[in-house]
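Please look at the model below together with its sequence.

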Amino acid sequence: MKNKEALIPVIIGAVITVISAVVCLYLNIITGILCVLLGIVLTVIFAVYTARRYRAISDLNDYLSLVCSGNYDLALEDNTEGELSILQNNLLKVITKLKTQNEVIASDKLYLADSLADISHQLKTPLTSMLVASELLEKEQDAEKRKAFTEMINMQCERMSWLIQTLLKLSKLDAGTIELSRNEVAVSEVLAESLEPFWLTLDLKSITVEQQITDFTFTGDKGWSAEAIGNIIKNCIEHTADGGRLEIATDETTLFGRILIRDNGCGIAEEDLPHIFERFYHGKNASSESVGIGLALSKAILNNENAAVSVRSEENVGTEFEIKFYKSIV
């Protein structure tokens, strides 16, 4: 037994046994012999038990050393009772949590790498167009063509600006640095604010807007709610042909207030529906100008407001988005 903490009690026990034996021998030989034997037995039992205990602690220490080196797949099972067993079970809980966190971090790193690659790709396209237009603009003498190149550069700048602002909003929502207000908001006001930026586009594309609004209130942030619904409306407009139709309806139940946004555009392919709210996802019917991030932002905002968004669609028939603002947490 090399452990100093365990060796000292054994030595003390042996000394006490010797002293007790001497005293007992002085009184009675048989009593002295029994005292010696009892002392030896107790000291041996203590030494064996202590050695086993420290061996278990050493095994736990070796196990933790392996965990620190990144090996989380070791088995550590003990159905006995006692303080060491409690310590072992608590260590298992901590190690399991560390393993889960390690997997989450690895997944986040992979997701970040994929996101950076997607962002790089999305920014590269307008940058390339701007560089080409800029080179042509330097050499072009025709006023009309120079105007067209200038308009192209401005359009691509606006696209990049929207993409960067949207990515910043998404990252802030993910990080929890944006605190959405919790106020009573009238859905009619939110819808009016959501539609406001698109009236000119709707007019240019001759898209008819039909509204059947039953006003209700929900608890949320008016500005962010308008942002979320506006992105959905924008998606519908982009996928609706000239002369199409956009329908917006609301209703209310005892559980939630609901907004339905329908279009009669090209629709979404069945295989794309499960991925429509994923970042940078492009369905087969996505427009060339789409960057695949607006709907992801909408979902993130609505989830933060205890709301849910879903979509139903049929190709060449149209798409319907359903938003439910729940009145209580379910």
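The buried residues of H8 are covered by elements that include H4, H7, E6 and E7, where cover is judged by contact, meaning heavy atoms within 4.5 Å. Helices (H or I, at least four residues) and strands (E, at least two) are DSSP runs, numbered from the N terminus. H8 is mostly covered, with eight of its 11 residues buried; here buried means under 20% relative accessible area, exposed means over 50%, and partly exposed lies in between (1.4 Å probe, protein chains only). The buried residues are Gly294, Leu295, Ala296, Leu297, Ser298, Ala300, Ile301 and Leu302. Just after H8, Asn306 takes a positive phi of about 55°.

This is a predicted model, in which local features need pLDDT of at least 70 and side-chain atom pairs count only at pLDDT 80 or more, while totals for chains, interfaces and linings use all residues. Residues are numbered from 1 along each chain as its sequence is written, and side-chain values use heavy atoms, with hydrogens and water left out.

**The nonpolar cores**

A nonpolar core is a set of buried Ala, Val, Leu, Ile, Met, Phe, Trp, Tyr and Cys residues joined through side-chain atoms within 4.5 Å. The largest one holds 44 residues, of which Ile229, Ile233, Ile259, Ile261, Phe321 and Ile323 touch the most other members. Helix H4 (143-175), helix H5 (187-195), helix H7 (222-238), E4, E5, H8, strand E6 (307-314) and E7 each supply at least two residues of this core, and H7 gives the most, with eight residues. Not counting residues up to four places away in sequence, Ile229 touches Val190, Leu191, Ser194, Ile259, Ile261 and Ile323. Another core lies apart from this one and has six residues, among them Met130, Ala133, Leu137 and Phe149.

**Salt bridges**

A salt bridge is a side-chain nitrogen of Lys or Arg within 4 Å of a carboxyl oxygen of Asp or Glu, and by this rule the count comes to 10. Three of these pairs are set out in the table.

| Salt bridge | Closest N and O atoms |
|---|---|
| Glu247 and Arg262 | 3.3 Å |
| Lys327 and Glu252 | 2.9 Å |
| Glu320 and Arg312 | 2.1 Å |

Arg262 counts as partly exposed because its relative accessibility is 27%. Lys327 forms its salt bridge with Glu252; Lys327 lies in the segment after strand E7 (318-326) and Glu252 in strand E4, so the pair ties together parts that are 75 residues apart in sequence. Both partners count as partly exposed, Lys327 at 45% relative accessibility and Glu252 at 42%. A network of salt bridges links Arg245, Glu247, Asp251, Arg258, Arg262, Arg312, Glu320 and Glu322.

**Two buried threonines**

Thr319 is found in strand E7 and is buried, with a relative accessible area of 6%. Its side chain is joined to that of Ser313 by a polar contact of 2.8 Å, a term that stands for a pair of N or O atoms within 3.5 Å, where within protein one must be able to donate a hydrogen and the other to accept it, and residues adjacent in sequence count only if both atoms are side-chain atoms. Leaving aside residues up to four places away in sequence, Thr319 touches Ile261, Arg262, Asp263, Gly267, Ile268, Val311, Arg312 and Ser313.

Thr250 lies in strand E4 and is also buried, with a relative accessible area of 6%. A polar atom of the Thr250 side chain lies 2.7 Å from the backbone nitrogen of Thr214. Among the residues that Thr250 touches, not counting those up to four places away in sequence, are Val187, Leu191, Gln212, Asp215, Arg258 and Ile259.

**Cysteines**

A disulfide is a pair of cysteine sulfur atoms within 2.5 Å, and by this rule the count comes to zero. Cys236 is buried, with a relative accessible area of 0%, whereas Cys157 is partly exposed, with a relative accessible area of 36%. Cys266 has its place in the loop between E5 and helix H8 (294-304) and counts as partly exposed at 27% relative accessibility. The C-alpha atoms of Cys266 and Glu314 are separated by 8.1 Å, although these residues are 48 residues apart along the chain.
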